[in-house]
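Q: I would like to learn how to read a protein model feature by feature, with the general idea placed before each case. Could we go through one together?

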Amino acid sequence: DGVARLMGLETVKDSGAQSGRAILHFRASMDMCHSGGIVQGGFVTGWLDMAMAHVVLAKTNYEQNLLSLEIKVSFLASAGPGLIIAEAWIERMGRSTGFLEARLTNEAGDVLAKASSTVKLVPMKRD
């Protein structure tokens with residue numbers, strides 16, 4: 001998928017379908033950085049958002065799509081080039097609204113960012 005490739009998605013370690021926790025590995029490159037090796041915050045937000053979307057899609061067996069209503073990101077440490085791990089889970093999900101959370105770590109296990117999101121659930125459109 002084009003967006004995943006642009007975001008540096010390397011692998012989906014766990015979709016979250018069974019575990020309830022999606023784990024995605026991204027590869028941050030210098031092309032994603034500013035100021036001498038600090039990843040631009042939009043990528044950080046995108047990684048968290050992609051992981052949160054992934055767990056909802058997997059848990060609903062791709063029957064529900066999601067539209068972000070709100071996303072809050074707390075940046076705790078700067079991300080640099082290398083392996084970035086996003087882990088996301090569903091805090092609560094109803095029929096039309098979901099509350100999601102995620103965290104981002106580097107390979108050493110340092111927490112780089114945390115996020116929470118409120119999403120609207122909509123039926124997946126089929127071609």
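Q: Where does Y62 lie?
A: Helices (H or I, at least four residues) and strands (E, at least two) are DSSP runs, numbered from the N terminus, and on that numbering Y62 sits in the loop between α2 and β5. This is a predicted model, in which local features need pLDDT of at least 70, side-chain atom pairs count only at pLDDT 80 or more, and totals for chains, interfaces and linings use all residues. Residues are numbered from 1 along each chain as its sequence is written, and side-chain values use heavy atoms, with hydrogens and water left out.

Q: What is the phi of Y62, and what is the phi of N61?
A: Most residues other than glycine have a negative phi. In this model the phi of Y62 is near 60°, a positive value in a residue other than glycine, and N61, which follows α2, likewise has a positive phi, near 55°. N61 also lies in the loop between α2 and β5.

Q: How should I read the accessibility of N61 and Y62?
A: Buried means under 20% relative accessible area, exposed over 50%, and partly exposed in between (1.4 Å probe, protein chains only). N61 counts as exposed because its relative accessibility is 57%, whereas Y62, with a relative accessible area of 37%, is partly exposed.

Q: Which residues does Y62 touch, not counting residues up to four places away in sequence?
A: A contact means heavy atoms within 4.5 Å. With that sequence limit applied, Y62 touches H54, L57, M124 and R126. For a C-alpha separation, take A28, which is 34 residues from Y62 along the chain, with 28 Å between the two C-alpha atoms.

Q: How can the span of helix α2 be checked?
A: The expected span of a helix is 1.5 Å times one less than its number of residues. Helix α2 (residues 41–59) has 19 residues and should therefore span 27 Å, and the 28 Å between its end C-alpha atoms agrees with this.

Q: Which residue caps the N-terminal end of α2?
A: A polar contact is a pair of N or O atoms within 3.5 Å; within protein, one must be able to donate a hydrogen and the other to accept it, and residues adjacent in sequence count only if both atoms are side-chain atoms. The cap here is Q40, which has a side-chain oxygen 2.6 Å from the backbone nitrogen of G42.

Q: Which strands pair with β8?
A: Two strands pair if DSSP finds at least two bridges between them. Strand β5 (residues 64–75) is antiparallel to strand β8 (residues 111–123) over eleven bridges, with S68 standing opposite V119. Strand β7 (residues 97–106) is also antiparallel to β8, over nine bridges, and one of the bridge pairs joins T105 to V111. Between β7 and β8, which form a hairpin, there are four residues, and G109 in the turn has a positive phi of about 95°.

Q: How many bridges join β1 to β2, and how many residues lie between these strands?
A: Strand β1 (residues 9–14) pairs with β2 in the antiparallel sense over four bridges, and L9 stands opposite F26. Six residues separate the two strands of this hairpin, and G16 in its turn has a positive phi of about 95°.

Q: Is H25 buried or exposed, and which residues does it touch?
A: H25 lies in strand β2 (residues 21–28) and is buried, because its relative accessible area is 14%. Not counting residues up to four places away in sequence, its contacts include L9, E10 and T11, as well as L83, I84 and I85.

Q: What surrounds P81?
A: P81 is found in the loop between β5 and β6 (82–93) and is partly exposed, with a relative accessible area of 45%. Beyond residues up to four places away in sequence, P81 touches A28, S29, M30, C33 and G37. R27, which is 54 residues from P81 in sequence, is 7.2 Å away from it in space, C-alpha to C-alpha.

Q: How do the elements run from the N terminus on, and what is the radius of gyration?
A: The protein has two helices and eight strands, and their order is α-β-β-β-β-α-β-β-β-β. The radius of gyration is taken over C-alpha atoms, and the globule rule is 2.2 Å times the number of residues to the power 0.38. Both the radius and the rule's figure for 127 residues come to 14 Å, so the protein is as compact as a globular protein of that length.
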